[in-house]
Amino acid sequence: MTDDELYRAQVAYLLERSAFYREKLAGHEAGSLDELAALPLTEKDELRATRTPENPIGAHLCVPREEIVRIYSTSGTTGDPSYVPLTAGDLENWIVGSARSYAASGVRPGQTIVSTYNAGPFVAGAALAAFERIGLTHVPVGTGNTEKLLRAVEQLRPEAVVLTPSHAAYLAESHPSLAGSSVQRVLVAGEPGGGEPAFRARLEEGWGAQVTEAMGVGDIGVSLFGECERQDGMHLGAHGFVHLELIDPDTEAALPLEDGASGELVLTHLQHRAAPLLRFRTRDHVHVRTTPCPCGRAGIRIRCVGRTDDMLIVRGVNVFPSAVREVVGAFAPDVSGNVAVRPERPGVTQEPPLPVAVELARGREDDPRLAEAIREKLRDVLVVQTRIELVPWGALRRSEYKSTLVER
Ligand SMILES: [Zn+2]
């Protein structure tokens, strides 16, 4: 079936089974996939607001409990976690899409991969099944267990590892011997950053391996996107399961998916059963590439530049902390690549100059000319006035899971 046929069937299913969407779509005419932008967006908080003691999942639930084989939680940045139910078919589609996304990295059947996710409450656990599906020998060592990971790399000699970019950076910095290990591919996921050129270069040097990224969206699916060996953005591994759109996060207007476009990613399930979502706002801000990829995979590619939740507005200009890190990272080897944006006031809107702590590389001394060069570069590239404080190597917090680029 084409995506349009799947979409029409999905909408019919929603109107039949979903109390949430029956109400939301009342008065709207759901036509073809091309007309999707005329329908209302779905916010995570709206779903959360429909939860009751009798239905703790929410009014978007479409199936009886006996058809649900698994219920994940999304961590959520605020408030209670919300539940993500899956039927057996939903789970299977997640695994198929995730396997496609991770296979794009170039890992091959017969190779060995060490994973650092836990098969815990969060959707990332579903990606674990994707590694077996690809035909890899999968060695799960769990989250935050550096000793186990290092031992597995040394003794089992995997070709690949999968971890968050923060964890990959922490390990590369703290264990220089990894550069000579068996690992040829480092697959990063779980937070943005793996596609930032300077950050990626640092990871690749530290690991002596190719770094590619993957990305999922908790409420929609695990590892929906995965980058190929060309490292020019993530392909949609979940094609046929998910449809993507781009919107302006401020006006909510749909944006054309053209080369170089950027905006908030909006996703629609195409053949989900347990609790399908339509035009779900992901809060992920992405850049779009539409030129054909030499790897031969069809469709557009995306790179996530940050969460719209992390975005600051400085004198009318949108600033993503991850973009600050990217610009600063180009000053390696003078800097370590770690940064902390330190807003002086609560909320999104900030007055210039925006304070940014930039960590020096090991052994480098404070240098006012370097600080000035970084300040000028940030002004030129991101159109933001900053106040740069150079801090000694080791002064900024490292994370073994996910980084916080904003310190308040
Ligand atoms: Zn490609």
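This is a predicted model: local features need pLDDT of at least 70, side-chain atom pairs count only at pLDDT 80 or more; totals for chains, interfaces and linings use all residues.
**View 1**
Asp 90 sits in helix 4, which spans residues 88-103. The backbone of Arg 273 tells another story: its nitrogen lies 2.8 Å from a polar atom of the Asp 90 side chain. The side chain of Asp 90 also reaches the backbone nitrogen of Thr 87, at 3.0 Å. Leaving aside residues up to four places away in sequence, Asp 90 touches Pro 85, Gln 271, His 272, Arg 273 and Ala 274.

**View 2. The largest nonpolar core and a separate one.**
The largest nonpolar core holds 42 residues. Which of them have the most contacts inside it? They are Leu 224, Phe 225, Leu 267, Leu 278 and Ile 302. Helix 1 (residues 3-17) gives this core its largest share, five residues. In soluble globular proteins, nonpolar side chains tend to be buried together. Leu 267 has contacts beyond its close sequence neighbours, including Val 217, Ile 220, Leu 224, Phe 225, Leu 277 and Leu 278. Leu 267 also touches His 243, Arg 279 and Thr 282.

**View 3. Asp 284 and its polar contact with Arg 307.**
Asp 284 belongs to strand 13, residues 280-289. Is Asp 284 buried or exposed? It counts as buried, because its relative accessibility is 7%, and buried means under 20%. The side chain of Asp 284 makes a polar contact with the side chain of Arg 307, at 3.4 Å. Not counting residues up to four places away in sequence, Asp 284 touches Arg 307 and several others, among them Met 215, Val 217, Glu 264 and Cys 304.

**View 4. The buried and exposed faces of helix 6.**
Helix 6 covers residues 146-156. Its buried residues are Thr 146, Leu 149, Leu 150, Ala 152 and Val 153. They lie on the same side of helix 6, because they cover an arc of only 160° around the axis. An α-helix has 3.6 residues a turn, so residues three or four places apart point the same way. The buried residues of helix 6 pack against strand 3 (112-115), strand 4 (137-140), strand 5 (160-163) and helix 7 (165-174). The face turned away from the buried side carries the exposed residues Glu 147, Glu 154 and Gln 155. Arg 157 follows helix 6, with a positive phi near 50°.

Conventions:
Residues are numbered from 1 along each chain as its sequence is written. Side-chain values use heavy atoms; hydrogens and water are left out. Helices (H or I, at least four residues) and strands (E, at least two) are DSSP runs, numbered from the N terminus. A polar contact is a pair of N or O atoms within 3.5 Å; within protein, one must be able to donate a hydrogen and the other to accept it, and residues adjacent in sequence count only if both atoms are side-chain atoms. Contact means heavy atoms within 4.5 Å. A nonpolar core is a set of buried Ala, Val, Leu, Ile, Met, Phe, Trp, Tyr and Cys residues joined through side-chain atoms within 4.5 Å. Buried means under 20% relative accessible area, exposed over 50%, partly exposed in between (1.4 Å probe, protein chains only). The arc is that of the directions from the helix axis to the C-beta atoms.
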